[in-house]
Amino acid sequence: MTREERLLEAIVEAVDTLVDDFDLIEFLHRLCDHCVELLDISAAGVMLADPHGGLQLIAASDEHTRLLEVFALQHDEGPCVECHRSGQASLAIDLTSPEATRAFPAFATRAREMGFLTSHALPMRLRHQSVGALNLFDSRHQVLAESDIRVAQALADVATIAILQQRTIEQTSMERAQLEQAFTSRVVIEQAKGLLAERWQTSLDEAFDALRRHARSHQMQLALLATQVANGTLDSDSSPPSPAPAAVQPAQAPAPHTAPRASASAREPARAGSGVRVVPVGRRVRAVPAAPDRIGAAVAAALADHGGDTEAATAALVKRAIPDAMALLDDTRKGGRYDVIAHPWLPDILRKQSARGADQVWEARPKWSRPELPPGAHEITALDVNGAYLSALKTHLPIGQLEHSTGDHHDRRRAGLHLITPPAWEHGAVLPNPIGDRDEAGPLWVTEPTLRLLLRLAGPRYGLCDPPRIHESWTSGATESLLEKFRIALKDARDRAIGQDDVVTLEYVKAMYAKFVSTLGESNYNRELYRTDWMHLIRSQAFANLWWKAHRAWDEGLLVVRAMGTDELHVAGDWRAVFPEGRGVTEVKVKDTYTVDTTSAAPGPAPTGPVQ
């Protein structure tokens with residue numbers, strides 16, 4: 001189905017609400033899903049004004065986004081809140097910029113922690129009457145094209161008309177009643193989600209997907225079904241209805257569904273006066289002590305054991321980085337909803353072909369140099385991407401044992417390995433090939449990050465290549481946030497170490513995440529977790545992240561000169577206008593600078609592909 005056909009389908013759905021009874025909450029959730037699909041963004045959410053003038057979260061494309069929107073409401077800040085108040089769109093808000101941090105300090109920080117780098121907010125209004133805001137989030141630094149903005153605003157406008165339009169003469173009264181019912185229904189739906197997630201030992205996203213499927217298949221109002229689940233009149237003690245819902249990305253951080261404040265604080269470093277963390281126990285919550293600072297305690301003990309000798313303490317900590325990383329992973333996984341299989345059966349493609357050989361998975365590691373430069377002298381800066389593997393821990397990871405399938409189909413709720421015929425890449429003169437430097441033609445086994453990168457580049461937003469052809473796959477239900485608390489714990493420790501100029505902690509943390517990734521496969525150093533598929537996926541995610549930085553540099557008018565490994569990008573031009581400089585994981589630092597003078601060289605043939 002083309003983009004135009006999907007857009008028409010979304011508008012037809014909205015028009016249907018004007019001529020028949022409709023489920024407002026389900027309609028707005030469908031709106032969020034359409035936005036993610038049509039605009040090539042990461043997530044979407046809808047906030048509506050209640051009859052008393054306050055904003056309420058009504059729908060979100062996933063649980064991760066719902067928690068962020070609730071956080072925005074609790075702190076009364078964010079582009080979405082400002083958009084509703086002003087009635088004006090807020091587009092391409094760079095959540096890593098100093099301006100966003102000053103304007104929305106709490107919201108911008110939380111959004112970055114959840115992996116969102118860009119935010120857009122569009123008003124939902126008819127003439128001078130505002131009913132709420134449509135919020136769009138992206139995990140990349142992306143500016144919506146003018147056509148995308150028009151599509152998003154059109155969807156918001158149609159949704160606004162659907163909310164305001166009623167079939168009775170008492171339009172205002174009906175509108176208020178329906179909105180009141182929507183807010184009340186949302187509470188019941190949240191209760192039902194939590195009950196099902198607890199009974200089935202699954203995620204809130206999966207429970208909500210099952211609710212929506214059951215309501216659609218039985219032609220029931222979503223709120224009515226949720227009420228039956230909550231009051232026990234519907235049998236929901238069995239496992240999720242077939243087909244069993246797979247994990248939806250980006251999955252939510254494990255948290256009580258009725259206590260978003262506790263969920264937020266549980267992921268933040270403990271602070272004096274910030275409250276006490278709670279965890280769900282049955283239908284209630286229970287206070288638990290704050291998690292110990294395992295990293296800080298280990299550093300302090302090592303320094304004490306070595307009489308303050310930082311070099312000796314660092315060496316000792318690096319030596320024990322793997323078991324300490326696994327202990328930290330166990331701590332952050334406590335209370336998690338996913339039962340990870342640590343030693344699954346692996347298909348032959350993940351087994352080494354010889355004692356010193358490699359398996360059959362291609363990680364798409366880049367080793368690219370621009371074939372030629374324009375005539376003239378070029379000041380080139382080699383940029384170092386900070387914490388490449390640390391950032392790559394946020395990727396879609398299969399939870400269970402990989403299952404085999406065939407056919408040219410990609411299920412975004414699953415992740416794993418795919419045998420594909422890659423598309424031709426015609427832009428090697430200005431951008432690296434997304435599958436890396438590969439000389440052999442024909443099908444190859446690639447990872448989930450590589451496949452998603454190719455599919456996105458083949459989509460209507462970029463159109464840089466044809467879609468890859470998928471022949472067969474080994475996948476499992478997946479979530480993007482499986483290692484998220486682990487990643488954030490390491491990131492927070494790294495940030496504190498940088499702020500305090502603590503070299504010991506910095507080297508210790510680096511060793512923890514680097515060795516964690518490198519020993520997930522066939523390694524004698526880590527026998528607690530044997531997930532060769534995870535190792536390949538995390539590495540490939542790091543390579544994909546570097547590719548997107550190269551694309552961003554090119555898109556902003558820089559000359560991309562080289563892309564190497566996970567963390568090295570050479571560019572010519574005003575790169576500081578594109579990338580923030582620093583030591584944080586969302587920043588880059590200078591590795592080297594050099595000059596290439598091509599004045600005397602004869603110009604070569606003009607490159608084909610995207611025009612610089």
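**Strand pairing and helix packing**

Q: In E5, what is the bridge partner of Leu48?
A: This is a predicted model, where local features need pLDDT of at least 70 and side-chain atom pairs 80 or more, while totals for chains, interfaces and linings use all residues. Numbering starts from 1 along each chain as its sequence is written, and side-chain values use heavy atoms, leaving out hydrogens and water. Strands (E, at least two residues) and helices (H or I, at least four) are DSSP runs numbered from the N terminus. Over in E5, Leu48 is bridged to Gly132.

Q: How many bridges join E1 to E5?
A: Strands pair if DSSP finds at least two bridges between them. E1 (residues 43-49) and E5 (residues 129-138) run antiparallel, and the bridges joining them number six.

Q: Which are the edge strands of the sheet?
A: Five strands make an open, antiparallel sheet, ordered E2-E1-E5-E4-E3. Each edge strand pairs on one side only, and these are E2 (55-60) and E3 (90-94).

Q: Why do H16 and H19 count as roughly parallel?
A: Axes are lines fitted to C-alpha atoms, for helices over the stretch in contact (heavy atoms within 4.5 Å), and angles run from 0 to 180 degrees between N-to-C directions. Under 35 degrees is roughly parallel, over 145 roughly antiparallel, 65 to 115 roughly perpendicular, and the rest oblique. H16 (residues 448-458) and H19 (residues 532-555) have axes 7 Å apart, packing at an angle of about 30 degrees. That makes H16, relative to H19, roughly parallel.
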